[in-house]
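Please open the structure in your viewer and keep the selection tool at hand. The stops below are to be visited in order.

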Amino acid sequence: MGIKKGNVTIYDVAREAGVSMATVSRVVNGNPNVKPATRKKVLDVIQRIGYRPNAVARGLASKKTTTVGVVIPDISNPLYAELARGIEDIATMYHYNIILCNSDLKEAKELQLIETLLEKQVDGLLFLGSEITEEHRKIFQATSVPVVLAASQDDQGELPYVNIDHVAAAKEATNVLIKEGHQKIAYIGTSLTNTVQGLPRFRGYQAALEENGIPFDENLVRIGNGRYSSGYEAMKELLDKDDSISAVFVATDEMAVGAIHAVQDHALNVPDQVSVIGCNNIPIASQVRPLLSTVSVPLYDIGAVAMRLLTKYMNNEEIQTGQVILEYDLELRDSTRLKNSDLA
């Protein structure tokens with residue numbers, strides 16, 4: 001009776017190759033102390049009978065699983081898809097596998113996923129995009145597994161993170177609209193209870209108005225969920241109530257595209273009558289017409305730098321700083337009258 005491939009063990013390989021299990025182990029683990037002829041014989045048997053090393057058993061023996069857990073709000077969101085790509089590329093470079101989990105920005109689900117990943121003996125954990133509550137902190141403090149935040153931040157300075165300055169980015173985006181001469185500038189953002197992005201971007205908008213002597217008007221503020229339809233509905237509502245609005249800063253590109261379409265459905269021209277600027281610079285920003293002006297957040301780099309930082313913690317490498325703030329840029333296209341050259 002032949003060996004069922006799902007049941008092939010290191011013992012089967014050793015028996016078929018006529019060598020010891022220790023020799024098979026050395027071949028599988030790349031140990032150079034094996035004669036070339038013996039190595040070839042063992043590898044031929046491995047290929048023929050379909051042996052796959054048991055990663056769980058190897059992890060128990062080495063106390064490492066070469067696996068990293070990633071808790072991400074929504075992989076279908078282009079924002080997080082780009083972050084995940086940066087994580088994956090660096091993980092592959094350093095020979096780590098990824099377990100990716102969607103949390104839907106629900107705290108109970110986040111906590112459950114974190115516990116599950118720790119039970120699976122991951123070597124490290126990347127946590128993306130949500131506020132760090134005391135419940136999160138309790139779990140992170142109780143484990144010896146390194147944790148790095150990506151596109152999030154720990155205001156208490158206890159956890160390492162990689163992010164941008166969202167207040168400064170929103171302020172700079174709003175200043176573009178102010179430099180165009182607008183006085184009635186609307187804001188479409190995400191939940192102000194989100195202290196990672198929602199609240200900081202709103203505060204950046206407020207700061208720009210204040211520093212330029214423009215009164216803040218809460219009637220010009222709408223809160224959406226970050227996606228296209230909420231941006232469209234928010235802009236439609238704003239224009240229905242006040243069609244003299246001449247500019248809007250939108251805290252995500254998806255909502256900004258919705259806002260552009262709402263402006264156009266009101267028979268208004270972007271940017272001649274209403275300027276629109278978004279934030280993040282996801283691919284849709286360069287696909288809509290007119291092309292969307294936006295804050296270019298280094299999404300891929302945030303993921304890549306966070307993963308590299310995590311590898312340093314996992315391998316006890318020297319770390320200069322655990323709190324990394326990356327630079328952002330303005331990408332001024334056709335939805336604003338100002339262009340990058342005008343800011344030089």
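This is a predicted model: local features need pLDDT of at least 70, side-chain atom pairs count only at pLDDT 80 or more; totals for chains, interfaces and linings use all residues.

Residues are numbered from 1 along each chain as its sequence is written, and side-chain values use heavy atoms, with hydrogens and water left out.

**Stop 1: helix 1**

Select residues 10-17, which make up helix 1. Helices (H or I, at least four residues) and strands (E, at least two) are DSSP runs, numbered from the N terminus. Within helix 1, display the side chains of Asp12 and Arg15, which lie 3 residues apart, about one turn of the helix. They meet in a salt bridge, with an N to O distance of 3.5 Å. A salt bridge is defined as a side-chain nitrogen of Lys or Arg within 4 Å of a carboxyl oxygen of Asp or Glu. The whole structure contains 16 salt bridges.

Is Asp12 buried or exposed? Its relative accessibility is 10%, so Asp12 counts as buried. Arg15 is partly exposed, with a relative accessible area of 46%. Buried means under 20% relative accessible area, exposed means over 50%, and partly exposed lies in between (1.4 Å probe, protein chains only). Accessible areas come from the Shrake-Rupley method with a 1.4 Å probe; for residues, only the protein chains shown count as cover.

**Stop 2: Arg137 and Glu158**

Select Glu158 and Arg137 next; the closest N and O atoms of this salt bridge are 3.1 Å apart. Glu158 lies in the loop between strand 4 (147-150) and strand 5 (161-163), whereas Arg137 lies in helix 7, so the pair ties together parts that are 21 residues apart in sequence. Arg137 is buried, at a relative accessible area of 5%, and Glu158 is partly exposed, at 42%.

**Stop 3: Lys171 and Glu211**

Which side chain meets that of Lys171 in a salt bridge? The partner is Glu211, at 2.6 Å from N to O. This pair links distant parts of the chain, with Lys171 in helix 8 (residues 166-179) and Glu211 in helix 9, 40 residues apart. Lys171 counts as partly exposed at 23% relative accessibility, and Glu211 is exposed at 55%.

**Stop 4: aromatic rings**

The structure holds 7 aromatic pairs. Rings of Phe, Tyr and Trp (its six-membered ring) pair if their centres lie within 6.5 Å; planes under 30 degrees apart count as stacked, over 60 as edge-to-face and the rest as tilted. Select Phe127 and Phe140, an edge-to-face pair at 6.0 Å centre to centre with 70 degrees between the planes. Phe127 lies in strand 3 (residues 124-128) and Phe140 in helix 7 (residues 134-142), so the pair ties together parts that are 13 residues apart in sequence. Both Phe127 and Phe140 are buried.

Move on to Tyr187 and Phe202, a tilted pair with centres 5.6 Å apart and 55 degrees between the planes. Tyr187 belongs to strand 6 (residues 185-189) and Phe202 to helix 9 (residues 198-211). Tyr187 and Phe202 are buried.

**Stop 5**

Select the loop between helix 11 (253-265) and strand 9 (275-280), where Gln273 is found. Ala267 also lies in the loop between helix 11 and strand 9, and its phi is near 60 degrees, a positive value in a residue other than glycine. Pro271 is in this loop too, and the peptide bond from Val270 to Pro271 is cis, with omega near 10 degrees.

Then turn to the loop between strand 9 and strand 10 (293-296), which holds Pro290. The peptide bond from Arg289 to Pro290 is cis, with omega near -5 degrees. Asn281, found in the loop between strand 9 and strand 10, has a positive phi of about 65 degrees although it is not a glycine.

**Stop 6: a charged patch**

Finally, select Glu172, Glu327, Asp329 and Glu331, which form a negative surface patch. Patches are made of residues with over 30% relative accessible area and no salt bridge: like charges are joined within 9 Å, and nonpolar side chains (Val, Leu, Ile, Met, Phe, Trp, Tyr) within 5 Å. Lys and Arg count as positive and Asp and Glu as negative; His and the chain ends are not counted. The place of a charge is taken as NZ of Lys, CZ of Arg, CG of Asp or CD of Glu. Glu327 sits in the loop between strand 11 (323-325) and strand 12 (329-331), and Glu327 counts as exposed at 67% relative accessibility.
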